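Trainee: Could we go through this structure together? I'd like to start with a sheet and then look at whatever follows from there.

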Amino acid sequence: MISERKSRALFARAQLRIPGAVNSPVRAWAAVGGAPLFAARATGAYLYDADGNQFIDYVCSYGPAIAGHAHPAVVDAIAAQARAGLGFGASTELEVELAEIITSAIGVADKVRLVSSGTEAGMTALRIARAATGRSCIIKFDGCYHGHSDSLLVRAGSGGMTLGLPDSAGVPAELAALTMVATYNSIQSVEELFRKNPGRIAAIIVEPIAANMGVIPPEPGFLKTLESLAHQNGALLICDEVITGFRLSFGAASEKTGLAPDLIMLGKIIGGGLPVGAVAGPSRYMDLLAPAGPVYQAGTLSGNPLSVRAGIETLKLLKQPGVYERLEVASARLEAGLREALLRHEERGCVNRAGSLLTMFFGPSQVRNAEDARSSSSSRFTRFFHAMLESGINIPPSQFEALFVSLAHSDDDIDRTIVAVVNALGAASGG
Ligand SMILES: *Cc1c(COP(=O)(O)O)cnc(C)c1O
């Protein structure tokens, strides 16, 4: 048994002063139960909890830690920047540099506005789309998450799916009514919404690879058809690449599939582990933002030098040759091991993977939308999760989150993980 005395005590202490004991719901382990681990430190592929247990970590801060936790180049850059000042309320050369890196990596991005979270990126992208079209409604997909702003917290993936709350209290019905929900990988569901709401839809917003209901790759042609449908109907296509941006290649995953989105949301990786978000796109849309244009958006700590420097250093690491190939090889190895483990134990389920994002679903033989994902067995996942933890492997505490593989995961780490998976499936299949 791993020791969890301190995590348990900290959880109890946190319950008294922090709502639900956490500052973001998934950390409470509501879906899997037990005292959630409290992290003490993390380096490379390993995370250490308050009790000193070591775990091979596949949460990776939910994406930002693609170079591994606390990569020395990133940490040194942050430390140097801290000594030079934490923020100025004035622009810096660093912001220009990061904007140049992002716009040179993403074809449709003439310009980029930095914000402090993916949530803000979503709010801002919608506001631009509504201003550009003069329309109010949007289409999003069941199970896709775009941050927790009012308009986007409708059928929004992992958090709500895990807790069984499809929507949030406190979102005005009038606002939620402007958000129309389609089915991922179903063009027909999108066509129907356009047919029923002519001239009302400002934008389709989509994760080009869904990663917040477990990983669900788009089927061939799905994204391209979305793009044409949006444009035929005078709407914008917003690709939410907060997870996928710079995760599968140096740039936007949507562009890799031949898309030219009207707006792209970024976050996570581009802040190298510190708070960040961004909206990028062609000048004709980006210049709608204040002070160039009439769409207001602002932030005291937007483009703060610590996040920006951490982001620049992380992107420099990702720019090196062979990086994405290494991630692909390690992730494919893990995928193969998971599939083999399912077969070996005659466990029903499937593994979805896109680059270094993957999910093993218990139950369904195929998962291509939120309904399929919801049909998977949470109780089976829960037993698996705890068995993995006992073996020293930290995976996200929900069936509906992606595992993140980083550059720090060695072949040996992956192999140890596969052994743990085989054992976990064996142990859990009896109970
Ligand atoms: C994480 C995430 C967000 C929200 O980003 P925050 O920084 O947590 O606000 C938005 N969209 C997607 C696809 C995400 O994975």
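Mentor: Keeping in mind that this is a predicted model, we can begin with an open sheet of four strands, which come in the order β1-β2-β3-β13 and have mixed pairing.

Trainee: Which strands stand at the edges?

Mentor: β1 (39–43) and β13 do, and each has a single partner strand, so one side of each is left without a neighbour in the sheet.

Trainee: And how many bridges join β3 to β13?

Mentor: Two bridges join them, and β3, which covers residues 54–57, runs parallel to β13. As one example of the pairing, Ile56 has Ile393 in β13 as its bridge partner.

Trainee: What about Asn394, is it buried or exposed?

Mentor: Asn394, which belongs to strand β13 (residues 393–394), has a relative accessible area of 6%, and because that is under 20% the residue counts as buried.

Trainee: What does its side chain make a polar contact with?

Mentor: The side chain of Asn394 makes a polar contact with the side chain of Asp57, at 2.9 Å. Beyond its neighbours within four places in sequence, Asn394 is also in contact with other residues, including Leu37, Leu47, Phe55, Tyr58 and Leu389.

Trainee: Switching to helix α4, how far apart are its end C-alpha atoms?

Mentor: They are 23 Å apart, which agrees with the 22 Å that the 16 residues of α4 (residues 118–133) should span at 1.5 Å a residue.

Trainee: Which residues in α4 are buried?

Mentor: Among them are Gly118, Ala121, Gly122, Ala125 and Ile128. After α4 comes Gly134, whose phi is positive, near 70°.

Key:
Residues numbered from 1 in each chain as written. Predicted model: local features only at pLDDT ≥ 70, side-chain atom pairs only at ≥ 80, totals over all residues. Heavy atoms only, no water. Buried < 20%, exposed > 50% of the residue type's maximum accessible area, 1.4 Å probe, protein only. Polar contact = N/O pair within 3.5 Å; in protein donor to acceptor, adjacent residues only side chain to side chain. Contact = heavy atoms within 4.5 Å. Expected span 1.5 Å × (residues − 1). Pairing = 2+ DSSP bridges.
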